[in-house]
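Subject: Structure for you to look at

Hello,

Here is the structure I promised. Please open it alongside this note.

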Amino acid sequence: MYQAKFVRTPLDPAVAAELHCGDIVMLTGELLTMRDAAHMRYVAALESGQEPPVDLRGQVVYYAGPTPARPGHVIGSCGPTTSGRMDAFTPKLLKEAGLAGTIGKGPRSPQVVQAMVDAGAVYFAAIGGAAALIAQTIEACDVVAYDDLGPEAIRRLEVRDYPCVVAIDAQGASIYEHGPRDWRIPVD
Amino acid sequence: MREISVDVITAEVARLCSLAACDLPADVEAALQHARETEESDLGAFALDEICSNIRIARDSRLPLCQDTGLVVVFAEVGQDVHIVGGSFERAVNDGVAQGYEQSYLRASMVRDPVLDRTNTGDNTPAIIHTRIVEGCRLALTVLPKGGGSENMTSLHMLKPAEGVDGVIDAVVGAVEKAGGNPCPPTIVGVGIGGNAEQALLLSKQALRRPVGQPSDHPGYAELERTMLARINETGIGPQGFGGRTTALAVHVEAFPTHIAMLPVAVTLQCHASRHQTVVL
């Protein structure tokens with residue numbers, strides 16, 4: 001059986017350092033959604049010296065674009081998207097914008113892992129395709145930037161016991177390497 | 001000649017889009033529950049527990065299983081004795097997609113142009129429509145919304161004929177290994193063998209329509225499916241790529257005659273939310 005650790009966001013660096021690859025975690029607190037188009041626009045702003053619309057210092061960014069909320073609901077379904085598409089932008093956000101953590105699904109590039117180690121950041125994997133279940137953990141949702149991007153706008157979420165796994169820890173250990181290696185059945 | 005109105009087609013496509021997004025077919029759910037019972041890794045079991053709970057929440061709350069409610073692929077098998085009346089068939093299908101996505105609060109994920117103008121079209125159109133003319137006086141419509149994450153892991157392998165069965169196995173297992181945790185395993189692996197490049201890709205997608213784990217009608221391909229599934233589940237990738245025994249739920253092979261110089265193999269990975277619904281009019 002598995003047991004979960006309960007962690008608050010924004011992420012305390014001391015807590016981040018104690019999270020280990022393979023830990024099951026329930027997050028409570030604030031998350032910011034950003035995916036492909038928001039990353040392109042945010043990094044373009046950073047590179048051209050403009051003030052970005054959201055302060056990412058200490059924040060955890062969630063790679064997600066929810067479905068529209070039904071009337072009376074806070075949000076629609078909201079699971080993680082593939083993180084690898086954000087790899088080109090993540091080192092810059094860790095180094096220059098002060099990002100402390102990310103949530104998505106699937107492996108990250110060696111450049112992202114190195115930047116995470118340098119920054120003491122953590123990468124969480126949520127369960128891809130468990131979007132209706134994840135929606136039950138979201139208590140508030142507000143668009144905070146790039147409203148014109150629709151599902152790709154930046155949203156501030158308040159979550160309670162959001163389920164995920166420490167996929168890559170602040171020491172750079174990755175479940176995507178350890179997990180399959182531990183479970184591989186050698187071919188004769 | 002039997003007449004079918006475009007209004008019926010629009011209404012049915014809208015209904016199927018809504019149903020597919022929230023209601024996972026029973027065969028897929030059963031395969032995932034079986035995987036949960038047999039999975040040995042703790043993290044794999046955790047992922048499968050979440051996935052199985054998600055299926056029930058989505059069905060009971062009419063919430064989409066996944067926020068990526070997909071690009072809509074429509075397979076239309078049109079009987080040659082059917083006369084579609086009242087307007088354009090393709091417009092009717094796209095109107096159905098737009099209505100279904102709006103009425104059921106599904107995410108619009110299509111952009112107007114892939115490179116030059118990535119503005120969201122706002123209603124998840126256009127759909128990708130594959131039409132075949134078949135015998136009879138019926139119209140069969142299958143709606144298969146496909147997520148971008150798994151579709152991005154699609155691959156085409158133009159093998160040499162001499163590579164044979166071993167070449168096919170290596171191509172398919174290699175494609176699954178390369179995709180790793182990205183396509184939301186456990187996946188259903190659609191394999192198209194033969195034809196030419198686009199035919200192999202189309203077969204690999206059509207293979208996803210088969211009930212999960214139903215073997216090929218051809219005993220040779222049924223055996224190849226079993227062999228490849230065993231090899232894939234030996235990789236240890238596991239649910240969500242966290243490590244474990246269940247990397248794929250099934251491998252489905254579809255084959256077609258090919259050219260003397262060719263052995264095309266296409267691999268389409270379907271995430272565990274294998275959404276598809278069919279109606280026969």
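In what order do the four strands of the open sheet in chain B lie? The order is β4-β2-β5-β10 (chain B), and the pairing is mixed.

First, the ground rules. This is a predicted model: local features need pLDDT of at least 70, side-chain atom pairs count only at pLDDT 80 or more, and totals for chains, interfaces and linings use all residues. Residues are numbered from 1 along each chain as its sequence is written, while chains are lettered from A and ligands numbered from 1 in the order in which they are written.

**The sheet in chain B**

Helices (H or I, at least four residues) and strands (E, at least two) are DSSP runs, numbered from the N terminus. Strands pair if DSSP finds at least two bridges between them. β4 (128-134) and β10 (277-280) of chain B are the edge strands, each pairing on one side only. On average, neighbouring strands are turned by 15° against each other, direction ignored. β5 (139-146) of chain B pairs with β10(B) in the antiparallel sense, over four bridges. Thr142(B) sits opposite Thr278(B) of β10(B).

Helix α1 (6-22) of chain B lies across β2 (71-79), β5 and β10 of chain B. Its angle to β5(B) is about 40°. Axes are lines fitted to C-alpha atoms, for helices over the stretch in contact; angles run from 0 to 180 degrees between N-to-C directions.

**Where the chains meet**

Contact means C-beta atoms, placed from the backbone, within 7 Å. Chain A brings 44 residues and chain B 43 residues. On the side of chain A that touches chain B, α5 (131-135), β7 (154-168) and α6 (175-183) of chain A each give two or more residues. α6(A) gives the most, with eight residues.

Best wishes

Definitions and conventions. Two residues are in contact if their C-beta atoms, placed from the backbone, lie within 7 Å.
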